[in-house]
Amino acid sequence: MKTRKLGNTEIKVSEIGVGTHQFGAADWGGPKEEECAAIIDEALRLGATFIDTAPDYAGGRSEEILGVALQGRRDQAVLCTKFSVGPDQIEQSVEASLRRLRTDYLDVLLIHSPPADVTDGTSAPHYRVLQRLKDTGVIRAYGVSGRADTAAEIRMIAETTGSQAIEIRFNALYQDPAAAFEQAAESGVGLIVKVPLESGWLSGKYTATSVFDEARSRWSADDIAHRAKLVEEFQELLPTGVRTVHAALSHILAQPQVSTVVPGTKSLAQLRENIAAVDVVLPAETLAAIRNLQNIHIDNRLSW
């Protein structure tokens, strides 16, 4: 596993990280605590040391599970968590996360999917609190986990907030944010890519005939047909023998401004499949063709 710098920080992050949205989330079919611990064991063994969580994940259980799993080896992981409260409650939220994670510092702290006015650092007071937490050593870097997930949102955050990290949805089927990647890099902002497999569509497991459970019931028949068509077009571009999931993650890592990619991880098999993508390098002509793919519409949030 290779590492990359997170923006202009001294934090080194693994190219493939571990998304823990489903840790402790029985309603999403998430792994039980024992398997979560095994996933973290294997992730650290294989060098996937960037771990992304949030207080909202399974009502705090994700953070609690990680706190137990990382006991005695906190220094081996780069922990990123979030908050979704007002400026007056940030420190209280951070203290609660620290207790659940059993640590006295956070590597990265992100505002979780804030409304547009909070991404404007010229008026939102959140960033003064974040800078104070950084100055006192409680956090090493701060930033925003996007809500709109657009190039415009990246530009606003990079220009006005002092952030050193932005977590953004980006993948072969949703490429709008790429228009601002260069500006983010020039501003010293590291990019953390979420939803890299477009909620499973780029894993290769869904087709036009797939039937989804209640968690994905928001996808209409037209949405499913549209996504299936885009996935087929993506697959037709791939070199022989390259798996869909590996190509999807390799395409993201081919963007030099990206620091790390955090696929959701609900099993050991899925972890190993994700990490195997670091050994896949797509030809330049394949990457160029992917850039020209028709994308999911910018306002289409149904992937969530």
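Predicted model: local features only at pLDDT ≥ 70, side-chain atom pairs only at ≥ 80, totals over all residues.
Helix α2, spanning residues 61-69, packs against helix α3, residues 90-101, with the two axes 6 Å apart and at an angle of about 45°, which makes α2 oblique to α3. On the α2 side the residues that take part are Glu63, Glu64, Leu66 and Gly67, and they meet Ser97, Arg100 and Leu101 of α3. Sorted by class, this contact holds three charged residues, two polar ones and two nonpolar ones.

Helix α3 also packs against helix α4, residues 126-135, again at an angle of about 45°, here with axes 10 Å apart, and α3 is therefore oblique to α4. In this contact Ile90, Glu91 and Val94 of α3 meet His126, Val129, Leu130, Arg132 and Leu133 of α4. The class make-up of the contact of α3 with α4 is five nonpolar residues, two charged and one polar.

Turning to α4 itself, its buried residues are His126, Tyr127, Val129, Leu130 and Leu133. Viewed down the axis of α4, these buried residues fall within an arc of 155°, so they line one face of the helix. The spacing along such a face can be understood from helix geometry, because an α-helix has 3.6 residues a turn and residues three or four places apart therefore point the same way. The buried residues of α4 pack against α3 and also against the strands β5 (78-83), β6 (106-112) and β7 (139-145), whereas Arg128 and Asp135, on the other side of α4, are exposed. Just after α4, Gly137 adopts a positive phi of about 85°.

Methods:
Residues numbered from 1 in each chain as written. Heavy atoms only, no water. Axes fitted to C-alpha atoms, helices over the stretch in contact; angles between N-to-C directions. Helix = DSSP H or I, 4+ residues; strand = E, 2+ residues; numbered from the N terminus. Parallel < 35°, antiparallel > 145°, perpendicular 65-115°, else oblique. Contact = heavy atoms within 4.5 Å. Nonpolar A, V, L, I, M, F, W, Y, C, P; charged D, E, K, R; others polar. Buried < 20%, exposed > 50% of the residue type's maximum accessible area, 1.4 Å probe, protein only. Arc of directions from axis to C-beta.
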